[in-house]
Each structure stands twice: as C-alpha cells, then as structure tokens.
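Keep the viewer open as you read.

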Amino acid sequence: MDRIVIGKPVLAGSAEGVALVSKEPLSLWGGLSAQTGEIIDRRHERSGAVVTGKVFVFPQGRGSSTASAILLESVKAGTAPAAIINLKVDPILALGAIVADELYHKIVPIIVVSKEDFDAIQEGDYLEIAPDGTIKICAQQRG
Amino acid sequence: MSVMLSEKDRRMLKGEYGKAAKLAMSILVRMAEVYGAEEMMDVTLAHIDGVGLLSEAGLEFAETLATLGGRVSIPTTLNMVPLDVQQWEKWRIPEDYARKALRQIKAYINMGCIPTCTCAPYQGYLTPRFGQQIAWAESNAIVFANSVLGARTNRYGDYIDICAAITGRVPQYGLHLKPNRKGQLLLRLVDIEPAVMMNDAFYPLLGYFLGRVAGDKIPVIEGLPAQATDDQLKALGAAAASSGAVALFHAVGVTPEANTLEEAFQNDTPEQVISVHSADLAAAQTELSTAEAGAQLDAVVLGCPHFSFAEFQQLAWIIQAQEGQSVHPGVRFIVLTNQLTYSLLQRSDLIDLLTGFGVQIVLDTCVFHCPILSLEVKVVMTNSGKHAYYAPGELGVQVAFGSMADCVRSAIEGNVCRRETPWTGL
C-alpha cells in the first residue's frame, strides 16, 4: 500500500524515482564519481551502487567541503540523483544543489525526514516528491 | 523570505553592487534559509576551497563570477589548486588539463584572491585571530581555525566561500555563535602512555577515531599533552574531518576555548562519555590501511595537509639517520607543500638532502586534485589519516598508513614495512 510522509524541503522541487537507500553517511567528494554517478567510497556499505536518476536516501553528508562541487558537477554531467532524502540538513549538499539551480536552472530536491519516515523507505520503493516536501512511497512489489 | 537583511544586503540582492555580488548574495540568502538563520553577519577573512577541484562546472562558476565583475571585499586566501603552478610540465600534467586549471586559478586571482595555494592556510599567511569571524572552506582548515586558533567559521563548502568573500557576509548561524561551540561528547584517553602521545602517528589515528565516534558533534578530548604541536593537531583535525564531519574539537588544557573541562562544556554536562583505549588506536590503523604489510610499494605521499617547515625538518632528520640509503627505484616519494614553506626551505640546506634521497617536492596542489600519480600506482603509503581515508576511493589504490619513519623505511625497501607501533609507544 502507498504511504505518504511529510518531509521538510531543504531545496524544494518535484522529482520521482526508485529509492537507493543507505543507513550510512557519505561524503560525496571521495565518495561519488561525478562522471559515472557511482559510489566510490570503498569503505561505504553501498560502494559500487549508481545514484543517477535514483532518489538517494542516506542519513547525511560527511567530511570534505568539496562535496558541493561534486553535486554541482554531477548535475552538469547528468549523473546526479533525481532527489536526495536525508535525516539531517547537510548545508554542503544544499549548497551544491542551490548553485546548480542558480547556474543551470536544474533542481535536485533535498528533503529531510524524521527517523521513523526515513526507516519506512525501503530499497527499490518508488518515490514521488512534491515541492511541499510530501513524499509518496509506493512500496516495491516483493516476491 | 525569513532572514533579516541589512540595507546593503538588500541592495546587493537588487544588483546595485554588480551582477557578481547579486549572484553571490542570492546564494547566501538561500543558504540562510537552509540554515534557518535569522539574520546575516559580517566576516573579515575568507579561504576559498572552490579553486582546488578542476571540474567543468567549477570552472564555469568561477569564470562566470569573474566575468560579472566579482571582486572580493575581504582578505581572501586560496586553497591548494589543481596543479603545481610553475612546475606542472615537470610532473607531466596533460596540457589540456593544465590550461583549464590555470584559467580557474586566474579567475580567482582576478577577483582579488591571494594565491597562497595551500590547504594549510593557518601555517603561513593571514592567520585568523582568536574570536575572529571568518568564512573558511577546506575541512582540515575549518577544524584547525575553529579548534586550535579559536576563530569562528562554519563548514563552508565549495562556492559559498567565494560568495562570502565577495559580499563579506554569511548567515548568522552555527559555529559563529558561542553557545553552539559548546562541547557535546567527552573523550577520555584512558590507558595511553605519554610516550605514545609523542609519536606523530598517534594524532591522525586519534583523529580518525574521533571522527568515527563524533560524526558532526563537538568532541572534547581530555588527556592530550599541552605540548602537542600545531603539526600534530593539524594531523588530528584533518583525520577527524575526513572520517567524520568534525568542524570543531576542544582539547582540555591545549586549545583556547578549553582551558578547563567546564569551559569546554560551557558548564553543561557531556551528552556522552567515551573512553579511548590503545586498542582503539590499533583498530584505527587497521581500518585506515587497505594494503597488507609486505606489499610492494609504488609511492609514498606526505604533506596532506601541506607540509610545514618543521615537518620537512623532521623528515630530513629521519633521512639523515638512514646513512646514505635512498628511495627504492620502484617507489616515488612525493611531499606536498606550498610556495611559502618552499621559500623557507630554500633558505636552509634541506633541499639537497631531501632531493638527494629521492624526495619530489610538489607545490600548490594535492594528489587527489591533480593527476600527479600515474595509473600504474597501486599501493601508496602515507602518514596522513586524511590521505589514507580518501585514497582508496579517490585514487583507486591500496593504502598503508604508517609513521613518517616507517614511510621512509618502506620507501627504501620498496615494500610496506612497519617497525613502529604507535599505540605501544615502541
């Protein structure tokens, strides 16, 4: 059954896509290839997964202040996720998305949700994000 | 719009100070909303990380601002840049890459930035004062400025840095405000011998552990020696800002906002108390190393963050003790630093000793942001927690973490060897 959760838009916009879920924070610099959209932090639990076109669900960013540059470049290169859902506001990610909007008029919405809603999103669920932060979770058909 | 703007902020936003200031202020105001800041505030120094990574979008952003007439309004230093500005040909950097990199650097210099080209801006030029409100980017510089110097900056990322430099304004939020600088976690060094704390490798290992447990919280370390050097605290902070999002730590009796435990916690109680044992440092070294001992070594990389004069001195003494041995022919020994430190080296007699041993001194840049290492390089050794943390993902190499002395010995032997075990102090 579909479920609706209300998140807080850090950067408002509409997007939809399949959820790529990680429970581990990720620094985009050193963690994501802007050329391919692949998670390249070899210590990360989702190393090897590709974020392009997905709704990337992970707790928060981490580490390097170059993360905003990687997000911006991935928008230019067309490898960016469709949207990002975090547990905590990560200003460096927000910055990358805001500069991408200012420079290329392309929006990667960033939504922050509660722990309960975060845990409700499963890998492979289809998510529809509205500008007010509403997320419709269409659970993946299992079995 | 919820953030309160000054008259000048509003005029910048309207474009009365030019198109670059308008774009910069627009990004800052949107960021103020992200932060939930109620007003904007002045900053009096900026440090630009956005110049370091060469990307199509980053170059476009810098040139757009420069073309729109962007000029910094406060003293602004540059982080390391995407190549060794004077010697890139010597390091065989592709010309197409170099041309773009030089354009990116030029855009920032044209906007009035000082070409310091270093990720250790706190060890050379325009060092921030205690309590000074600044807008610094580069995670290791941020944590050093906040923690060791007591200046106040948030974790600014690429591109907001130049916006702050042009406007002289940032959202009033986070670590700019004293109550938000209060310690949150207490880390007690339990069974770590004083001799261990004299070993340089202790600091990045502790930093790695710190980042892992602290995340983005403010840790307070109890038990660090008061004589810990700036270079040791730099290594600690750089590692903590890699494995975690640490932007500020306090060390009781060492850092300026932590003369006492009470001061560090602003008379509040820690959310959590964590004991740090020798075993945690041993585990940190294991986690930081993906290459096995004995693995054939291709390169040693030191100077992440950029080497100081004192670190060169220390390296020279270790090399002198090797009785004329030099780097194995299969190994490159790279030390990264900046022009300022290099000019001090030129006044010493260390350069001949270092280069005679086989050290290649690379200026202005970083092996992560500049293609200095060839693709044939598979195993790298370093004394930097930050380098060890990022190398496997960024360079696709295996990495071994070890003390500076072990890096030198391994470079001579041509394989990863460890004689020092920092956590036992031997």
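This is a predicted model: local features need pLDDT of at least 70, side-chain atom pairs count only at pLDDT 80 or more; totals for chains, interfaces and linings use all residues.

Leaving aside residues up to four places away in sequence, B:Ala164 touches B:Leu28, B:Val43, B:Ala46, B:Ala135, B:Tyr156, B:Arg169 and B:Val170. B:Ala164 also belongs to the largest nonpolar core, which has 201 residues. Together with A:Leu71, A:Ala94 and B:Leu28, B:Ala164 touches the most other members of that core. Helix α2 of chain B, residues 19-35, supplies the largest share of this core, with 11 residues.

Now step back to the domains. Chain B is divided into domain 1 (7-178), domain 2 (182-287) and domain 3 (289-420). Between domain 1 and domain 3 of chain B, the C-alpha centres are 29 Å apart. Their contact involves 22 residues of domain 1 of chain B and 16 residues of domain 3 of chain B. On the domain 1 side of this contact, 14 residues are nonpolar, 7 are polar and 1 is charged.

Finally, have a look at helix α12 of chain B, which runs over residues 309-320. Its 12 residues reach 16 Å from the first C-alpha to the last, close to the 16 Å expected at 1.5 Å a residue. Which residues of α12(B) are buried? They are B:Phe309, B:Glu311, B:Phe312, B:Leu315 and B:Ile319. Because these residues cover an arc of only 160° around the axis, they lie on the same side of α12(B). The partners that the buried residues of α12(B) pack against are α9 (230-243), β10 (299-302), α13 (339-346), α14 (350-357) and α16 (404-413) of chain B.

Key:
Residues are numbered from 1 along each chain as its sequence is written. Chains are lettered from A and ligands numbered from 1 in the order in which they are written. Helices (H or I, at least four residues) and strands (E, at least two) are DSSP runs, numbered from the N terminus. The expected span of a helix is 1.5 Å times one less than its number of residues. A residue is buried if 20 or more other C-beta atoms lie within 10 Å of its own, exposed if 12 or fewer, and partly exposed in between; C-beta atoms are placed from the backbone. The arc is that of the directions from the helix axis to the C-beta atoms. Two residues are in contact if their C-beta atoms, placed from the backbone, lie within 7 Å. A nonpolar core is a set of buried Ala, Val, Leu, Ile, Met, Phe, Trp, Tyr and Cys residues joined through C-beta atoms within 7 Å. Domain bounds come from an automatic or database domain assignment. Ala, Val, Leu, Ile, Met, Phe, Trp, Tyr, Cys and Pro count as nonpolar, Asp, Glu, Lys and Arg as charged, and the others, Gly among them, as polar.
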